[in-house]
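User: I'd like to learn how to read the interface and the sheet in a model like this one. Could you take me through it step by step?

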Amino acid sequence: MNDPHNVIGKVSRSLGRSAPPATVPDPPALQEPLIRLVLSDIGLPALFEKRAKENKIGVTPLRVESLHEELIGYLKARRVKSIALPNSKFLNRLEIPRVLREAGFIVSIWDQMTLDQLYDVDASVTDVWRVVAETGSLVLRASPEHGRALSLVPQIHVAIVEPKNCVGDLIDLFELTTREGSSSATVIISGPSKTADIEMNLVTGVHGPGVVQVFLLK
Amino acid sequence: MLQQLVQSTIDRKVAEFHAHELPKFNFDKVSVDSSRNERLKRAIDNAVVRNDKGRQLKMLELPDSDRIRTLAGDIKQHTLDYLDYYLIQFTANVEKRGGQVHFASDGEHAKQIILDIVSSASVKRIIKSKSMVSEEIELAHVMEAAGLDVVETDLGEFIVQIDHDKPSHIVTPIIHKDKESIAKLFSEYFGTPYNDDPEALTAQARVYLRDKFRKADLGMTGGNFLVAETGDVVTVENEGNARQSMTTPRVLISLVGIEKLVPRMLDLSVMLKLLARSATGQTMTIYSSVFGGTRSAGETDGPEAAHVVLIDNGRTEILASEEYRETLRCIRCGACLNACPIYRKIGGHSYGSVYPGPIGALITPLMQGLEQYKDLPNASSLCGACYEACPVKINIPKHLINLRRDVVKREINHPVERLIYRAYAWAMGRPWRYRLASWGQKTTLRLIGHKGFVRRLPFPGGGWTQVRDMPEPAKKTFRQLWQNKK
Ligand code: SF4
């Protein structure tokens with residue numbers, strides 16, 4: 001037990017006991033009124049839109065009928081040639097892969113490509129797991145159909161969001177995560193990648209996408 | 001044999017590196033040097049004053065920022081009080097998810113564990129994202145010395161690495177550098193024409209590092225938080241390089257201090273609301289990543305092997321002291337640095353320690369020994385701005401005073417200082433001694449003074465007049481004036 005490398009043993013001794021306790025008191029209660037910033041479930045998509053724009057995420061609210069046209073227009077305007085997509089039921093139902101292919105883009109689907117190939121792709125179009133209205137953030141989870149790299153490696157990330165994806169507060173997000181269990185990786189994205197390291201000059205698009213765009217369905 | 005040879009080269013290179021180490025904090029030298037460096041002061045002010053203002057504004061968004069800081073402090077304190085329990089819980093959960101937890105008692109041990117993982121996984125190319133713990137144990141240098149291709153991928157840390165410099169702030173590592181010097185560095189390093197546009201410089205680093213990401217087989221991260229109930233590591237960053245570390249390479253090592261635990265996933269809602277606001281005046285940092293274990297079945301990115309190295313390196317010493325235990329609550333937001341009038345004047349390098357600023361002046365002596373860093377607790381005006389700023393309410397000024405007390409108690413302060421205090425105590429003991437002392441002081445100073453000012457005090461007061469003149473004392477002492485009045 002006095003093995004110098006036994007760190008847990010050392011921790012116990014530092015805390016004045018010979019072994020770790022079998023149970024501990026509950027951690028401090030979270031006192032929701034103190035930490036909750038979004039109090040109501042009404043108008044979450046509008047709040048998300050406002051906060052996401054403050055984060056320099058582009059947000060275009062639209063009806064599903066105009067999605068195809070707007071999406072293609074957006075990607076063409078940014079001279080995108082190649083696009084990567086997750087293998088997503090939601091995107092497939094919206095016929096995004098077919099429509100993008102027909103519009104002349106080179107489309108690859110995550111579970112039929114390699115990570116290395118993704119480095120040469122111009123843009124990704126993804127769904128989201130949730131968005132958080134409080135912070136204007138997109139939340140994405142890793143799965144076999146939806147790799148971690150999709151929202152990271154291409155320089156343009158486009159996300160298609162439904163109103164039902166919105167949660168109000170970070171508390172709601174982490175309650176949900178606690179209930180559903182962790183995925184291997186969850187990332188909360190609150191804007192385009194940026195740095196202010198050089199004399200506090202803000203530069204966007206460092207190692208992650210320099211452009212993040214949301215199409216918010218009504 | 002080869003192993004020995006490699007080891008001895010590592011030892012030599014590390015020794016060489018240490019030879020160029022920053023000098024230990026020295027009050028006289030620091031105050032003189034920094035008072036002469038206007039440019040440095042301006043650069044620091046530009047960054048930290050802005051972040052400090054941003055923090056103050058952003059905290060106003062919280063319904064009761066004072067009580068939420070108390071809550072955050074309580075959560076961290078609870079975790080520290082039961083740290084052994086939570087470490088066991090965390091370890092079990094990481095293992096359930098296919099990861100491995102290693103405990104390292106100190107820097108040497110951690111390096112050994114990491115080099116072992118590197119060699120048994122036959123790793124060649126390493127990408128490393130920013131982490132203060134790895135600065136603490138100088139991991140990048142050790143890896144470089146071991147002949148590994150290791151690159152710091154946070155822009156600021158990358159610049160520090162290729163310039164063989166040291167970070168001067170725990171959140172914004174290169175605030176001591178201006179864009180001209182970075183441009184010069186890049187033009188030499190990459191062999192390209194000089195261009196000091198920050199966008200161009202960033203773009204140049206991006207292209208270079210993107211290729212490193214693509215080919216890396218090992219990623220290293222730190223961790224801002226560890227969630228005991230799930231075994232997740234949480235990193236918080238603006239650039240996306242920590243995400244790269246946990247996405248592309250097949251092996252992942254997260255090197256984290258044992259004090260970074262929180263019990264519940266839900267605790268993150270408190271911590272994340274405070275961290276970015278306190279650090280840079282943002283609502284949220286751009287990327288908050290929550291990841292645990294290896295990639296799941298069927299996934300084609302993320303690590304196949306995931307290691308969490310939990311390091312003690314002096315932390316259990318602090319834990320053992322009920323008085324100082326709360327200093328381990330620190331979430332490394334840097335708010336106390338930004339708020340500190342001393343940090344703003346002298347900059348991070350002057351502290352001569354990995355952790356600068358108020359929290360550095362506190363934990364460096366606690367983790368590495370008060371003897372070596374006995375001057376550091378004096379690097380504070382005790383104004384309390386750090387305590388006001390701290391999101392987990394560490395009472396930094398109180399602890400700094402206590403450390404000064406420890407220095408005196410252990411009699412490790414300068415002998416001359418002790419002598420002066422003894423003389424002072426003697427003089428204050430009887431009225432006649434006091435009269436004698438003040439007469440002596442007045443007479444001497446008026447003797448060496450010239451035109452109303454003393455330009456150079458004799459030993460041991462020399463430091464005082466090195467950067468300023470001292471007015472001559474008045475002809476009559478206060479007591480004499482008082483006597484005459486009567
Ligand atoms: S001591 Fe408090 S203010 Fe300073 S870095 Fe740590 S958490 Fe932030």
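User: Let's start with the interface: about how much area is buried between chain B and chain A?

Analyst: The size of an interface is often given as the accessible area lost when the parts come together. Here, in what is a predicted model, chain B and chain A bury about 7,400 Å² between them, with carbon and sulfur atoms giving 62% of that area. Asp84(B), Arg210(B) and Arg214(B) supply 9% of what chain B buries against chain A, more than any other three residues.

User: How many residues does each chain bring to the contact?

Analyst: Chain B contributes 100 residues and chain A contributes 79 residues.

User: And the polar side of it: how many salt bridges and polar contacts cross the interface of chain B and chain A?

Analyst: Happy to count them with you. Seven salt bridges are found across this interface, along with 36 residue pairs in polar contact, both residues being at pLDDT 80 or more. One of the salt bridges to look up is Lys273(B) with Glu134(A), whose closest N and O atoms are 3.2 Å apart.

User: Which element gives the largest share of the side of chain B that touches chain A?

Analyst: That is helix α11 of chain B, residues 198-215, with nine residues. Sorted by class, this side of chain B holds 41 nonpolar, 28 polar and 31 charged residues.

User: Now the sheet. In what order do its eight strands run?

Analyst: Strands of a sheet pair through backbone hydrogen bonds, either parallel or antiparallel. In this model the order is β8(A)-β5(A)-β6(A)-β9(A)-β9(B)-β6(B)-β5(B)-β8(B), an open sheet with mixed pairing. Its edges are β8 (166-167) of chain A and β8 (261-262) of chain B, each of which pairs on one side only.

User: Finally, how far apart are the centres of domain 1 and domain 2 of chain B?

Analyst: Taken over C-alpha atoms, 53 Å separate the two centres. The assignment gives domain 1 as 2-28 + 62-315 and domain 2 as 418-485.

Key. Residues numbered from 1 in each chain as written. Chains lettered and ligands numbered in written order. Predicted model: local features only at pLDDT ≥ 70, side-chain atom pairs only at ≥ 80, totals over all residues. Heavy atoms only, no water. Contact = heavy atoms within 4.5 Å. Buried area = accessible area lost by both parts, 1.4 Å probe. Salt bridge = Lys/Arg side-chain N within 4 Å of Asp/Glu carboxyl O. Polar contact = N/O pair within 3.5 Å; in protein donor to acceptor, adjacent residues only side chain to side chain. Helix = DSSP H or I, 4+ residues; strand = E, 2+ residues; numbered from the N terminus. Nonpolar A, V, L, I, M, F, W, Y, C, P; charged D, E, K, R; others polar. Domains from an automatic or database assignment. Pairing = 2+ DSSP bridges.
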